[in-house]
Amino acid sequence: MLKAAATLQLDLLEDALTEGLTLKDATPYNIQFVGNRPVFVDIGSFTTYRPGEPWIGYRQFCRQFLYPLMIRAHADVPFQPMLRGSLDGIPAETARSLLKGRRATRPGVAMDVMLQARAERSMSDSSRNVRSEMSSAGFSAELILTNVHRLQKVVEKITWDAGESTWSEYATCDHVTTQRGPKETFVTRIAGLKHRTLVWDLGANDAHFSLAVAGLADTVVAVDGDEAVVDRVFRSLSTSGPHNVLPLVMDLADPSPGLGWRGVERRRLEDRGQPDLVLMLAVIHHLVIGANLPLAAVIDWVASLGSEVVFEWVPIEDPMSQRLTANKRRSEVHADYDEESLRRYLDGRFEIKEEMPLEGRRLFHLIPTN
Amino acid sequence: MILGYLDPGTGSLIIQTVLGGAAGLAVLFRSTRRRFADRKLPAQAATTDGSASELAEQEIES
């Protein structure tokens with residue numbers, strides 16, 4: 001997804017320069033996804049190009065687009081925690097330390113990483129007015145275009161082979177294949193009770209249920225913590241659709257917080273939209289047993305969304321729960337992880353509109369009471 | 001509304017001449033030659049170039 005956003009950023013800058021304009025910054029936050037289609041949203045970023053000016057956003061483009069893509073592809077280092085930790089992106093010096101050695105031979109690394117890191121280091125205490133110097137020496141838009149065309153090729157060549165991950169083969173598990181039919185019937189029937197504007201599928205894995213309800217909603221956001229799975233979903237959606245499904249990488253036990261100045265420059269997950277339906281299918285055991293969150297706290301959080309919920313209860317006896325408890329003593333699992341406690345926590349927060357047993361598990365259709 | 005300040009980075013600006021191909025290298029050459037000229041002839045350059053004037057003043061003070 002970041003690669004798609006980077007490509008759009010460069011294409012727009014190319015078009016802008018040929019029209020006598022430029023983009024005054026280069027941040028991925030200026031690009032949002034409508035479904036899985038990248039859309040540039042910061043019209044104010046376009047400004048008249050002043051002859052002689054270099055590309056002011058080049059450094060930012062490198063820090064927030066290029067270096068994250070490079071370290072993911074060439075060093076197999078996930079960039080999400082780094083971008084989440086710093087709105088300013090990844091410094092050239094950090095990228096250099098991750099991309100030295102043989103990785104420095106990859107396209108763009110020598111110039112955009114090594115050379116830039118060296119230049120930043122050597123010029124860090126300079127007071128020179130470089131913009132003025134470059135302008136009077138004849139810098140022009142054609143030079144920026146040459147650089148943009150080069151970067152388009154560099155970005156195009158960056159490919160990340162996600163390979164297999166913990167959850168990439170989840171959909172082929174026996175219990176998944178046998179339960180999917182009746183579960184899909186339940187989910188699509190509830191989703192189809194009325195038109196849905198925004199559906200969140202939390203713990204979406206291969207987005208099977210996101211796709212199942214895509215025709216019943218304006219937008220479906222498929223959230224999963226496994227980057228390899230989400231990347232595979234994005235590639236599939238980009239080529240064959242549907243185009244109203246947005247896959248996102250996010251750990252529900254540690255979701256994206258508010259970032260930047262006073263924590264409000266970039267909003268946290270809960271402030272980015274108001275879903276009218278939330279799917280929480282086969283995810284509760286990961287949160288309570290896997291991430292050790294109290295069941296009551298999870299239900300409280302779900303209720304705070306103020307949305308209808310299709311919720312799947314996975315008991316402690318379930319094989320997938322047992323897998324999570326394999327290296328835990330019973331005392332290390334929340335003692336109230338049982339259906340009776342679940343119903344107690346739901347009471348007062350949700351009305352249980354409907355429920356359906358499913359091979360030891362149970363599906364609930366929950367309506368918020370406030 | 002948040003108004004962020006974008007630091008273009010001095011080093012990142014300079015290497016754009018290198019990344020601009022042959023024409024960029026020509027800009028780098030002209031820029032470098034001008035800086036050396038300003039250093040050698042601060043008084044003369046001060047009459048033609050603002051940045052050189054500043055540099056000349058610094059050298060005189062030191």
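This is a predicted model: local features need pLDDT of at least 70, side-chain atom pairs count only at pLDDT 80 or more; totals for chains, interfaces and linings use all residues.
Helix 10 of chain A comprises 14 residues, 227-240. From its first C-alpha to its last it reaches 20 Å, close to the 20 Å expected at 1.5 Å a residue. Just after helix 10 of chain A, G241(A) adopts a positive phi of about 70°.

## The seven-stranded sheet

Chain A contains an open sheet of 7 strands in the order 7-6-5-8-9-11-10, with mixed pairing. Strand 7 and strand 10 (350-358) of chain A are the edge strands, each pairing on one side only. From one strand to the next, the twist averages 15°.

Strand 10 and strand 11 (residues 361-368) of chain A run antiparallel and are joined by 8 bridges. Here E354(A) stands opposite H365(A) in strand 11 of chain A. Helix 10 of chain A packs on the sheet, where it touches strand 6 and strand 7 of chain A. The direction of helix 10 makes about 160° with that of strand 7 of chain A.

## Domain arrangement

The domain assignment divides chain A into domain 1 (2-157) and domain 2 (170-368). The C-alpha centres of domain 1 and domain 2 of chain A lie 36 Å apart. Their contact draws 9 residues from domain 1 of chain A and 16 residues from domain 2 of chain A. On the side of domain 1 of chain A that touches domain 2 of chain A, there are 4 nonpolar, 3 polar and 2 charged residues.

Notes:
Residues are numbered from 1 along each chain as its sequence is written. Chains are lettered from A and ligands numbered from 1 in the order in which they are written. Domain bounds come from an automatic or database domain assignment. Two residues are in contact if their C-beta atoms, placed from the backbone, lie within 7 Å. Ala, Val, Leu, Ile, Met, Phe, Trp, Tyr, Cys and Pro count as nonpolar, Asp, Glu, Lys and Arg as charged, and the others, Gly among them, as polar. Helices (H or I, at least four residues) and strands (E, at least two) are DSSP runs, numbered from the N terminus. The expected span of a helix is 1.5 Å times one less than its number of residues. Two strands pair if DSSP finds at least two bridges between them. Axes are lines fitted to C-alpha atoms, for helices over the stretch in contact, and angles run from 0 to 180 degrees between N-to-C directions.
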